[in-house]
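Sequence and coordinates are shown first.

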Amino acid sequence: MKNLVAILFVGLMSFGAFAQEKIAKIEFKTDTIDYGTIEKGADGVRVFEFTNTGNAPLIISDVKSTCGCTVPKKPEGPIMPGEKGEISVKYDTNRVNPIRKTITVTSNADTPTVALKIKGEVIDPSKTSVLEKKDKSVIEQ
């Protein structure tokens with residue numbers, strides 16, 4: 001009986017060793033990019049860098065933005081284990097307003113959906129704010 005239990009135990013342990021799956025894992029350098037304050041018409045391209053820290057090829061199947069003012073671009077081929085990749089994001093800087101957008105990355109990784117964020121503010125230096133303090137009053141001008 002003891003031999004039977006020992007054989008079953010060894011069999012289960014070896015089965016567990018063979019059952020380990022190969023899984024891709026995506027690890028981003030940062031999940032938020034801050035544009036800061038940029039001028040209208042400035043370069044709106046930024047890059048999210050990531051590494052496949054898993055033991056299987058990483059395939060990014062889709063990258064979507066919350067609106068048409070932000071255009072993400074995904075890598076075309078698979079990212080092998082240990083390799084780095086990039087997702088570039090282009091924001092339309094002709095729109096003067098605060099930037100708060102989310103980019104959704106879908107892949108075959110252990111976490112299949114990842115949300116990346118961009119933030120900042122686009123200003124138009126040719127326009128002055130009505131709230132800025134003037135040196136002279138309206139009457140003195």
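Which residues of strand 8 lie on its covered face, and which on its uncovered one? The covered face consists of Val114, Leu116, Ile118, Gly120 and Val122. The uncovered face carries Thr113, Ala115, Lys117, Lys119, Glu121 and Ile123.

**Model and confidence**

The model is predicted. Over the protein chain the mean pLDDT is 85, and 76% of the residues reach 70 or more. Confidence is lowest in helix 1 (residues 2-18), where the mean is 55, and highest in strand 3 (residues 45-52), where it is 97. Where pLDDT is low, the predicted coordinates should not be read in detail.

**Overall make-up**

The protein chain has one helix and eight strands. Read from the N terminus, the elements follow the order α-β-β-β-β-β-β-β-β. Of the 141 residues in the protein chain, 27% are buried. The protein chain exposes about 10,000 Å², and carbon and sulfur atoms supply 56% of that area. Among contacts in the protein chain with a separation of 6 or more, 65% are between residues 24 or more positions apart.

Four strands form an open sheet in the order 2-8-7-4, and the pairing is mixed. Strand 2 (32-39) and strand 4 (60-65) are at the edges with a single partner strand each, so one side of each has no neighbour in the sheet. On average, neighbouring strands of this sheet are turned by 20° against each other, direction ignored.

Within this sheet, strand 7 (residues 98-107) pairs with strand 8 (residues 113-123) in the antiparallel sense over nine bridges. Strand 7 and strand 8 make a hairpin, with five residues between them. Strand 2 and strand 8, by contrast, run parallel and are joined by six bridges.

Lys119 is the bridge partner of Arg100, and Glu121 has Thr37 opposite.

**Asp34 in strand 2**

Asp34 has its place in strand 2. Leaving out residues up to four places away in sequence, Asp34 touches Lys119 and Gly120. Asp34 and Gly120 are 86 residues apart in sequence, yet their C-alpha atoms are 5.5 Å apart in space. The side chain of Asp34 also reaches the backbone nitrogen of Gly36, at 2.8 Å.

**Ser107 in strand 7**

Is Ser107 buried or exposed? Ser107, in strand 7, has a relative accessibility of 10% and therefore counts as buried, the cut-off being under 20%. Apart from residues up to four places away in sequence, Ser107 touches Leu58, Ile59, Ile60, Ser61 and Pro112. Of these contacts, Ile60 and Ser61 fall within the range of strand 4 (60-65). The Ser107 side chain reaches the backbone nitrogen of Ala109 at 3.2 Å.

Strand 1 and strand 3 run antiparallel and are joined by three bridges. In that pair, Glu27 stands opposite Thr51 of strand 3.

Ile23 is found in the loop between helix 1 and strand 1. With a relative accessible area of 34%, Ile23 is partly exposed. Ile23 touches Gly54, Asn55, Ala56 and Asp110, not counting residues up to four places away in sequence. Between Ile23 and Thr53 there are 30 residues in sequence and 9.3 Å in space, C-alpha to C-alpha.

**Strand pairs**

| Strand pair | Sense | Bridges |
|---|---|---|
| Strand 7 and strand 8 | antiparallel | nine bridges |
| Strand 2 and strand 8 | parallel | six bridges |
| Strand 1 and strand 3 | antiparallel | three bridges |

Terms used. Residues are numbered from 1 along each chain as its sequence is written. This is a predicted model: local features need pLDDT of at least 70, side-chain atom pairs count only at pLDDT 80 or more; totals for chains, interfaces and linings use all residues. Side-chain values use heavy atoms; hydrogens and water are left out. Two strands pair if DSSP finds at least two bridges between them. Helices (H or I, at least four residues) and strands (E, at least two) are DSSP runs, numbered from the N terminus. Axes are lines fitted to C-alpha atoms, for helices over the stretch in contact, and angles run from 0 to 180 degrees between N-to-C directions. Buried means under 20% relative accessible area, exposed over 50%, partly exposed in between (1.4 Å probe, protein chains only). Contact means heavy atoms within 4.5 Å. Accessible areas come from the Shrake-Rupley method with a 1.4 Å probe; for residues, only the protein chains shown count as cover. A polar contact is a pair of N or O atoms within 3.5 Å; within protein, one must be able to donate a hydrogen and the other to accept it, and residues adjacent in sequence count only if both atoms are side-chain atoms. pLDDT is the predictor's confidence in each residue, from 0 to 100.
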